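Visitor: Hi, I've got this one open on my screen. Can you walk me through it?

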Amino acid sequence: VAPDGGYGWIIVLAFAVSNVITIPILQSFGLLFREVFAELKMSATDISTIINVNSAFGLLLGLWNGPLLKKFGYRKVAIFGSVLIFVGFLFTSYASTFPEFIIYYGIINSIGFSTSMSAFSLALNTYFNKRRSMASGICITVTGLGPVLMPLMISVFLNIYGVRGTALILAGLTLHAFLSALLLQPVKWHYRQPLDDEMLAGKEMELLNPPKENSETKEINENTQNEQPESLTPPVTPEPHYDSHSVHGLENVIVPRKISDVGRRLSITQSKTSIYDKCDKLLEPDSKWWSKESNNIKQETCDHMLRRLQSEDPMILVVPVYDNEKRKKRRWYMKIVKLFDLDLLKDGVYRNIWLGMSLAFTGEINFSLMTPLILGDRNFNIEETATFMSIIATADIIFRFFSPFIGEKLNYTPRKMYMLSLMMLVVARFSLTFVYSYNSMIIVCIALGIAKGFRTVYMTLVIPNHVPLEKLPSASGLQTVLNGILLMGFGPIVGYVRDAYGDYNICIYLINALSLCTILLWGIEYWLKRNKTPTEEN
């Protein structure tokens, strides 16, 4: 079983070290290159596009992280991602044109960060089961220290080494992620023997949920033993001949008793889905029994199979033959739906959560990454900007600890607490448009940090609180894809608005509008649920 400790704590350390270095460096990109952008006379649209491409590109490719991890494992993927982060930031330190920033920082860095984070997260979840919350909590807490210290360190390095030299030092620091990736040993090297109570629980679950193949094999064997002796030695008869034209046509095909007998032994109490799967497995190997051409025979639909199992005729099973193109199209479509769990989108509440979370995420990411530029627009220097960013991060990490207790006291669901945090963020960001003095800005930064602390905690709980556990990875994948699409579209708009109006206040209003859209969408849903009549609910 999973170690739930032991070498798992090394995995926690590796994850924390990787996060505490790479995340703050990417967040401080605007602070680091602010002077370079001014020297290159880049417009706010260009800067916003670079930042949003970095945020969005890895998210758009997020759905493919799963297949990569399945094929290569978390260690190789983490190493690959950490190397991309280093190479991307190394070349970014020499970038001097808009396309270079897009390629090195926007694309290469984004892919590296996305794949690396997915690999480290999988490693932690693999090593921990019962103590997973504790391990994740330690990682999140240590990660929160990075944004507190990194801006201050960057401001010191900028005074000594300049922008390019500081960027080279930070690129070297990202190699800590590579060293951390090397620590991700395969979990099978550290499996532990299960304790007695775990073994008993496992055996209990086995008895309650026996493996399907074994139970079916046992059932078939028992039925075979109960048959008459002559059925075990059937008389030699010539193999039946089937006309290949009728097999490929639209006529019904008579399938020998061998198939219908086995099919009839399936329990009628099984779910329709499982019966359909069994039909697939039973008919596929037996199709070679009479001729190669019969491979095109189609399985019955689940409902039709169930009706045939209850049929009065015990000798034959009629299988309708469908068009081969239709079958291929159906299989291709169903494979995509099944692979990405697209049936989640049938749920109206999930669709509302899906859209609302992405709108709020798009606004928050844009504000967080543009904060150094917004503060620079208010004539705060590098040291003052770094101080403000550290204050926000400090308040954030403190209220990450207190927010769960406040939510429990209020007895609000994670989704309602997330809505509350969005309201706090809207107020704090709006107040920023009126503030230009140093002391007043400190108060606004504390308010922003408090709101971000609540948002960070409850943002990760909204989807798991609604989606079944087995569909959670797919739900997260769908969320990241929509996040990436909205970031790609919204980012350049923020920069264009800044160029058109001459300051970032209109951009802040626009970002607040996205958060208010989420509050409005979810508020309407809650209002409709509360006012739904008993007849409608039934």
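This is a predicted model: local features need pLDDT of at least 70, side-chain atom pairs count only at pLDDT 80 or more; totals for chains, interfaces and linings use all residues.

Visitor: Is Ile21 buried or exposed?

Guide: Ile21 is buried, because its relative accessible area is 13%, and buried means under 20%.

Visitor: And which residues does Ile21 touch?

Guide: Leaving out residues up to four places away in sequence, Ile21 touches Met150, Leu173, Thr174 and His176. There's also a pairing across the sequence: Ile21 and Ala177 are 156 residues apart in sequence, yet 7.6 Å apart in space, C-alpha to C-alpha.

Visitor: What share of the chain's contacts with a separation of 6 or more comes from residues 24 or more positions apart?

Guide: For contacts with a separation of 6 or more, residues 24 or more positions apart account for 84%.

Visitor: OK, zoom out. How many helices and strands does the chain have?

Guide: The chain has 23 helices and 2 strands. It runs to 538 residues, of which 45% count as buried.

Visitor: Give me a helix pair, then. At what angle do H5 and H7 cross?

Guide: Helix H5 (residues 65–92) and helix H7 (residues 132–173) cross at roughly 175°, and their axes come within 8 Å. That makes H5 roughly antiparallel to H7, because angles over 145 degrees count that way.

Visitor: Which residues meet there?

Guide: From H5 you have Phe86, Phe89, Leu90 and Thr92, and they meet Arg164, Ala167, Leu168, Leu170, Ala171 and Gly172 in H7. By class, that contact of H5 with H7 has 7 nonpolar residues, 2 polar and 1 charged.

Visitor: Switching topic: where does Ser110 lie?

Guide: Ser110 lies in helix H6, residues 98–127. Ser110 is buried, with a relative accessible area of 5%. Not counting residues up to four places away in sequence, Ser110 touches Val53, Asn54, Phe57, Gly58 and Tyr105.

Visitor: Now further along the chain. How do H18 and H20 pack?

Guide: Helix H18 (residues 382–410) and helix H20 (residues 438–459) pack at an angle of about 40°, with axes 6 Å apart. That makes H18 oblique to H20. The crossing of H18 past H20 is right-handed. As for residue classes, the contact of H18 with H20 has 17 nonpolar, 6 polar and 4 charged residues.

Visitor: What about H19? Which helices do its buried residues pack against?

Guide: The buried residues of H19 pack against helix H17 (348–377), H18, H20 and helix H22 (505–530). Among those buried residues are Met417, Tyr418, Leu422, Leu425, Arg429 and Leu432.

Visitor: How far does H19 reach, end to end?

Guide: H19 covers residues 414–432, 19 residues in total, and reaches 27 Å from its first C-alpha to its last. That's close to the 27 Å expected at 1.5 Å a residue.

Visitor: Last thing, the loops. What is the phi of Asn379?

Guide: Phi of Asn379 is near 70°, a positive value in a residue other than glycine. For context, most residues other than glycine have a negative phi. Asn379 is in the loop between H17 and H18, and it is exposed, with a relative accessible area of 71%.

Visitor: And Asn411, what's its phi?

Guide: Asn411 has a phi near 60°, positive in a residue other than glycine. You'll find Asn411 in the loop between H18 and H19. Asn411 counts as exposed, at 68% relative accessibility.

Key: Residues are numbered from 1 along each chain as its sequence is written. Side-chain values use heavy atoms; hydrogens and water are left out. Axes are lines fitted to C-alpha atoms, for helices over the stretch in contact, and angles run from 0 to 180 degrees between N-to-C directions. Helices (H or I, at least four residues) and strands (E, at least two) are DSSP runs, numbered from the N terminus. Angles under 35 degrees count as roughly parallel, over 145 as roughly antiparallel, 65 to 115 as roughly perpendicular and the rest as oblique. A crossing is left-handed if the near helix is turned anticlockwise from the far one by less than a right angle, and right-handed if clockwise. Ala, Val, Leu, Ile, Met, Phe, Trp, Tyr, Cys and Pro count as nonpolar, Asp, Glu, Lys and Arg as charged, and the others, Gly among them, as polar. The expected span of a helix is 1.5 Å times one less than its number of residues. Buried means under 20% relative accessible area, exposed over 50%, partly exposed in between (1.4 Å probe, protein chains only). Contact means heavy atoms within 4.5 Å.
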